[in-house]
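I opened this one to find my way around a fold that is new to me. These are my notes, in the order I looked things up.

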Amino acid sequence: MKKPYIVIPALDPDQHLLALIDQITAEDPEWSHHLGIVIVNDGSRSATVFDQLSNRHRIYILTHNQNQGKGAALRTAFRWILEQQEDRCSGAVTADADGQHLANDIIAICTRLKGYPNKLWLGSRVFEKNDVPLRSKVGNKFTRIIFRMVTGQDIRDTQTGLRGIPLDFIENLVTFDSCGYEFELEMLLSAKRFGYRISSQKIATVYEEGNEASHYRPVVDSIKIYQKFFKFASIGILSAGLDYTVFATAYFFSGQVLESIVLARVVSGVFNFSLNRQWVFKEGSHIAWDAAKYSCLAVVLVAANYGLTEAFRYLGLTPFIGKPLAEGLVFLLSYRGQKLLVFKKAV
């Protein structure tokens with residue numbers, strides 16, 4: 001049966017990493033659940049811990065001369081795994097070096113990936129416990145809400161670093177260009193697009209006092225993680241303002257709801273398409289093909305917008321009020337449509 005490599009990115013690790021390696025070895029002494037452990041030294045100031053591990057059996061140390069970020073470290077390990085062309089490899093199980101993941105949970109994800117190699121497996125923590133830091137509770141809740149709105153999937157732990165990743169999916173992930181913690185969110189957002197179901201395995205929730213070994217910066221890294229959605233939302237707000245201005249003007253003079261919606265959508269659509277293609281999704285396929293797909297999506301959105309606006313008018317709301325309400329409901333459909341259909345090749 002095929003087995004995964006265990007991948008651990010590490011920046012200035014302490015004894016937590018040494019203890020974790022010892023525990024994995026004790027948990028799986030025959031190496032029956034994985035092919036080896038790939039550790040990426042992501043520009044650490046000291047090589048002491050890595051030197052202590054370098055001569056151990058099936059421990060592979062990869063090194064970045066300078067810190068490049070967790071996403072870059074994971075991609076380095078993934079490229080190394082692909083270069084091995086190991087026929088027995090089923091993918092990679094990623095874990096953190098700061099003591100948050102227990103050896104038996106890592107082995108459990110290895111087992112899951114061995115048994116179901118076409119799924120993306122997540123080690124899911126429980127956030128309802130009182131000893132979980134507030135920033136972790138809030139961060140995971142916020143990401144969970146955004147993820148559910150954008151993809152329609154409810155993932156209990158979107159920020160977990162313990163993941164079982166199929167080998168074929170790794171071939172897609174090495175083409176991503178994000179380098180920090182945002183890489184892990186983009187992995188989740190792209191899983192469905194590449195045809196991988198996401199499943200969860202419950203794991204222990206471990207938080208150390210102060211979590212000094214963690215290099216996660218709550219403000220800076222959160223901004224990076226959510227920046228693509230924020231950019232889309234910003235363009236959406238500007239487009240909505242332009243759309244409503246054109247609609248209100250046209251409806252004031254003509255009194256025709258459908259014609260006013262179509263005119264507003266054409267004007268705001270050109271604006272929205274141009275900025276989203278260049279600033280959010282950055283690229284898709286050929287511009288003419290992207291524009292054609294966007295136009296088809298726009299027809300669907302106009303129909304939905306018109307139907308909702310008329311429904312609100314039937315309920316007694318003037319189109320001046322019903323139209324922006326309809327826009328809010330159509331917004332998430334627009335994001336998912338552009339992400340999955342128009343800019344499908346963009347990461």
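Buried means under 20% relative accessible area, exposed means over 50%, and partly exposed lies in between (1.4 Å probe, protein chains only).

I also noted what I am looking at: this is a predicted model, where local features need pLDDT of at least 70 and side-chain atom pairs count only at pLDDT 80 or more, while totals for chains, interfaces and linings use all residues. Residues are numbered from 1 along each chain as its sequence is written, and side-chain values use heavy atoms, with hydrogens and water left out.

**Entry 1: the cores**

Which residues have the most contacts inside the largest nonpolar core? I found F78, L120, I165, F169, L173 and I198, in a core of 32 residues. I then checked who supplies this core: β1, β2, α3 (70–84), β4, β5, α6 (167–173) and α7 (182–191) each give at least two residues. The labels are DSSP runs numbered from the N terminus, with helices being H or I of at least four residues and strands being E of at least two.

There is a second, separate core of 27 residues, and I37, F50, V93 and I106 are among its members. Nonpolar side chains tend to be buried together in soluble globular proteins.

Leaving out residues up to four places away in sequence, F169 touches L120, M187, S190, A191, F194 and Y196. Contact here means heavy atoms within 4.5 Å.

**Entry 2: the whole chain**

I counted 11 helices and seven strands. Of the 347 residues, 52% count as buried. Of the contacts between residues at least 6 apart in sequence, 74% join residues at least 24 apart.

**Entry 3: the sheet**

In what order do the seven strands of the open sheet come? I read off β3-β2-β1-β4-β6-β5-β7, with mixed pairing. Strands pair if DSSP finds at least two bridges between them. The edges are β3 (59–64) and β7 (197–202), each pairing on one side only. From one strand to the next, the twist averages 25 degrees.

Four bridges join β4 (residues 89–94) to β6 (residues 163–166), and the two run antiparallel. Along that pairing, T94 has R163 as its bridge partner, and V93 stands opposite G164. On the β5 side I found two bridges to β6, again antiparallel, with W121 partnered to G164.

Are the faces of β6 covered or open? Both are covered: R163 and I165 on one side, G164 and P166 on the other, are all buried. In a regular strand the side chains alternate between the two faces of the sheet.

**Entry 4: helices on the sheet**

Helix α1 (residues 15–27) lies across β1 (3–10), β2 (37–42) and β3, running at about 170 degrees to β1. Helix α4 (residues 103–115) lies across β1, β4, β5 (119–124), β6 and β7, at about 150 degrees to β4. Axes are lines fitted to C-alpha atoms, for helices over the stretch in contact, and angles run from 0 to 180 degrees between N-to-C directions.

The axes of α1 and α4 come within 8 Å and cross at roughly 55 degrees, so the two helices are oblique to each other. For that word I used these limits: under 35 degrees is roughly parallel, over 145 roughly antiparallel, 65 to 115 roughly perpendicular, and the rest oblique. L20, Q23, I24 and E27 of α1 make the contact with A103, N104, I106 and I107 of α4.

**Entry 5: α7**

I noted α7 as mostly covered, with 10 of its 10 residues buried. L189 sits in this helix and counts as buried at 16% relative accessibility. L189 and Q153 are 36 residues apart along the chain, and their C-alpha atoms are separated by 9.8 Å.

**Entry 6: two positive phi values**

Most residues other than glycine have a negative phi. I found W31 with phi near 55 degrees, in the loop between α1 and β2. W31 is buried, with a relative accessible area of 11%. R58 has a positive phi of about 60 degrees and lies in the loop between α2 (48–53) and β3. R58 is partly exposed, at 28%.

Definitions and conventions:
Core = buried A, V, L, I, M, F, W, Y, C linked by side-chain atoms within 4.5 Å.
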